[in-house]
Amino acid sequence: MTLLSVEDLTLSINGSPILNGISFDLQAGNVLGVIGESGSGKSMTAYSVMHLLPGGSELNGSIRLKGHDLTRLDEAALCGVRGAQIGMVFQEPMTALNPVRTIGDQVAETVEVHGRGTRREALQVARRTLDRVGLPADRFPLDRYPHELSGGQRQRVVIAMAIALQPAVLIADEPTTALDVTTQAQILDLLRGLVDADGMGLLMISHDLGVVAGMADRLAIMRRGDIVEAGPADEIFEAPAHAYTRALIEASGHHPPRGPDRTREVPLLEVRDVVRTYRTPRPTFLAPPGHFRAVDGVSFSVRRGENVGLVGESGCGKSTLTRAILGLDPIQGGEIRVAGNVVDADRRMARADRRRMQVVFQDPYGSFNPRHRVERLVAEPFHLLDEPLSAGERRRRVGAALDRVGLSAADADRYIHEFSGGQRQRIAIARALIIEPDLILLDEAVSALDVSIRAQILDLLADLSRRLNLSYLFISHDLSVVRAVTDRVLIMRAGRIVEEGATETVFRNPQHAYTRQLIASSPDIDSALAQRKIS
Amino acid sequence: MSEADLPRAPSRFVALLGTRSFVVGVLLSAVFLVGGLISLVWTPYDVTVLAIADRLRPPSPSHWFGTDQFGRDVLSMVMVGARTSIAVGLIAVGIGVALGVPLGLAAAALRGGFLDDVIMRTNDLIFAFPSLVIAILITAVFGPGAVNAIIAIGIFNIPVFARLARGAALSLWTRDFLLAARVAGKGPARISVEHILPNIANLLIVQATIQFSLGILAEAALSYVGLGAQPPVPSWGRMLAESQTLIGLAPHVALFPGFAIVLTVLGLNLTGDGLRDALDPKLRRGRT
């Protein structure tokens with residue numbers, strides 16, 4: 001049965017076209033994966049169906065839900081549809097919940113708003129729904145607050161809110177992008193199970209084909225407001241017709257070419273028994289404050305020219321460790337050495353030692369001062385030089401660094417908001433390269449990027465590593481990314497390193513149970529397709 | 001649509017002119033600023049000369065705002081009074097910004113440290129006292145006068161700016177670009193000036209316009225109780241105080257300085273609102 005039928009949908013906002021006539025059908029019990037990169041209009045498609053559009057929008061075409069045209073309804077009638085017949089799951093579970101209300105309240109609200117029962121009945125529905133999404137009553141009573149839950153648990157609450165009234169259609173807009181890979185796998189399983197049990201139609205929006213490969217029945221590939229290819233998922237993966245689809249599939253599991261191993265047996269970074277503790281609040285007024293060991297006796301080393309991956313979920317201490325290695329935070333035990341010299345969070349650390357390390361952060365939007373021009377941003381590490389450069393020399397070197405990362409020297413005069421996410425990440429790499437460090441720490445440096453941009457940045461990193469004999473410490477929660485660019489990988493969990501070894505060896509023959517779990521949940525088109533064939 | 005194709009936010013200046021409250025606010029404030037500036041070189045009548053024969057005249061072509069109980073021209077007095085009010089407001093805000101912002105930035109840079117505690121708890125202490133009462137205390141101890149009023153009002157601006165600067169700076173300190181600056185070996189003082197100050201300037205400017213109008217009100221209040229500018233320097237607050245017994249007889253004497261206070265404060269607040277809307281890139285994009 002066709003639940004949702006969208007025909008020739010066009011949308012423009014303030015005159016600029018966003019969607020150029022897209023059509024698709026969603027069947028009961030089916031998962032339709034809408035795949036596209038940022039700006040492809042995939043989220044706007046979802047918002048159009050919900051009629052949650054910004055001011056200045058002009059929507060044309062027809063959106064039929066079980067035969068009723070939603071475009072003809074007024075706002076009051078639409079409110080009756082939203083939540084009751086179409087549920088929505090958002091990307092960011094941290095902001096989709098109201099922090100000052102209990103989870104029971106928030107799930108019950110959906111029921112009450114639609115007048116489907118008294119408060120008592122609503123709370124009963126909330127309880128049943130939370131049980132269904134895997135938050136059982138004994139561990140997750142209704143009076144829990146969102147901040148008491150992890151990201152994955154919060155996303156389960158958001159899903160519970162969306163399915164409380166058993167809507168016909170569920171729209172999930174990048175529901176797992178903000179989550180760790182293992183949590184992601186669990187949430188995807190949950191969604192698939194709910195679709196099968198309730199006969200819902202799920203519109204699953206994602207930028208990564210790997211994420212939907214295991215669960216989508218049909219796919220629609222979007223690009224710049226058009227659906228370029230649509231059809232059954234098996235057929236599209238078997239024989240993608242459109243060049244863009246092929247590029248997306250290639251980018252999802254992209255492996256940049258690696259040069260010959262030029263690793264030298266010279267340790268560049270040595271981390272020995274490093275401990276980093278945080279004070280936690282006093283449990284009671286007079287009790288001594290507690291301690292939390294974020295990094296708990298970690299040892300490893302990175303040799304010159306070697307690319308090492310550090311993989312773990314959020315909260316495992318990998319970012320804390322990064323900051324300690326950079327000499328930004330003090331450590332409470334152990335020792336960190338760079339090229340034989342001790343790294344110290346005090347300002348006593350010699351400039352020559354600081355010059356050996358640079359960093360690229362995850363968020364291409366937060367890594368730059370929005371008020372400075374690119375030249376000043378990229379030139380910032382020159383502060384570490386003993387002699388300031390002349391203005392001409394500075395400009396020449398900024399230009400050279402931009403050139404190296406595939407931008408032009410003329411970009412130096414522009415402001416950061418004029419660049420896209422991928423370009424910003426290139427600028428971040430240019431900034432890291434400019435004082436010719438030996439080691440670059442890449443803290444989730446490609447996690448926030450679209451798959452095709454990610455593939456380009458990985459290629460760039462591999463190329464730079466080869467040409468400049470750089471070492472990388474590649475920090476990520478996503479194993480597949482690390483696999484593509486590293487020689488050796490460290491698996492970190494709860495402040496400790498649980499497994500370490502050559503990347504391919506670890507992937508082929510993981511020893512630790514946690515590593516196996518990470519590998520199993522990592523989104524990968526090939527393995528997902530293999531799974532589908534079996535079942 | 002790629003990100004580069006997003007409609008560009010209009011420049012700040014264009015955005016400002018498109019903000020109705022900003023334009024109205026600036027025009028209102030400018031009327032009084034210009035009046036005060038003109039009074040430096042020329043006023044319709046000399047405000048130090050008494051003309052008892054012409055006292056309490058209602059508004060007329062020769063005296064647009066009428067005359068007061070000593071026969072002085074009210075328009076001239078409002079013009080000269082604008083000088084006092086604007087000077088008090090400006091200098092009091094200046095004291096607050098000059099001392100409060102560095103303290104707030106230092107507290108944020110050393111967050112969680114001893115100095116942070118000292119600065120912020122001292123702030124709390126100052127905040128805990130009703131400002132006008134303390135201002136009265138200060139002027140009562142050190143003698144009434146415009147200078148002491150300015151200092152008293154200025155002291156209470158310090159914690160306002162310190163707290164604002166610290167709060168805004170704290171959220172910036174968690175941003176990656178400050179980590180990048182630290183990786184580049186820059187110290188907290190340098191980062192505060194180079195990276196944080198430009199990013200919180202919007203907030204500070206807006207707060208300054210609000211404190212400016214509060215300063216004018218505070219000066220009027222102090223003058224009203226006789227602790228602000230002393231005779232013969234005209235002040236809007238004192239003009240109000242001196243005319244209150246005549247309110248039934250000659251309401252214009254009280255009304256015009258009253259209007260002056262209300263309209264200046266309104267103008268400054270509107271300017272602040274407009275600046276806030278226009279300087280915030282998010283609000284700016286949402287409005288166009």
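Which residues of helix α19 in chain A are buried? I will come to that after two remarks on conventions. This is a predicted model, in which local features need pLDDT of at least 70 and side-chain atom pairs count only at pLDDT 80 or more, while totals for chains, interfaces and linings use all residues. Residues are numbered from 1 along each chain as its sequence is written, and chains are lettered from A and ligands numbered from 1 in the order in which they are written.

Now the helix. In α19, residues 513-521 of chain A, the buried ones are A:T515, A:L518 and A:I519. Buried means that 20 or more other C-beta atoms lie within 10 Å of the residue's own, with C-beta atoms placed from the backbone; 12 or fewer is exposed, and in between is partly exposed. Helices (H or I, at least four residues) and strands (E, at least two) are DSSP runs, numbered from the N terminus. Looking down the axis of α19(A), the buried residues fall within an arc of 95 degrees, so they line one face of the helix. That arc is taken from the directions from the helix axis to the C-beta atoms. Their cover includes α7 (181-198) and β13 (307-311) of chain A.

Next, chain A as a whole. Chain A has 20 helices and 20 strands. Of its 535 residues, 47% are buried.

One sheet in chain A is open, with four strands in the order β2-β1-β4-β5 and antiparallel pairing. Two strands pair if DSSP finds at least two bridges between them. At the edges are β2 and β5 (68-69) of chain A, each pairing on one side only. Strand β4 (residues 57-65) of chain A is joined to β5(A) by two bridges, and A:L65 has A:H68 in β5(A) as its bridge partner.

Strand β2 of chain A also takes part in the contact with chain B. Residues are in contact if their C-beta atoms, placed from the backbone, lie within 7 Å. Chain A contributes 28 residues and chain B 20 residues. Elements giving two or more residues to the chain A side include β2 (16-27) and α15 (421-433) of chain A.

Last, A:L441. Among the residues that A:L441 touches, not counting those up to four places away in sequence, are A:T322, A:M357 and A:I475.

Terms used
Contact = placed C-beta atoms within 7 Å.
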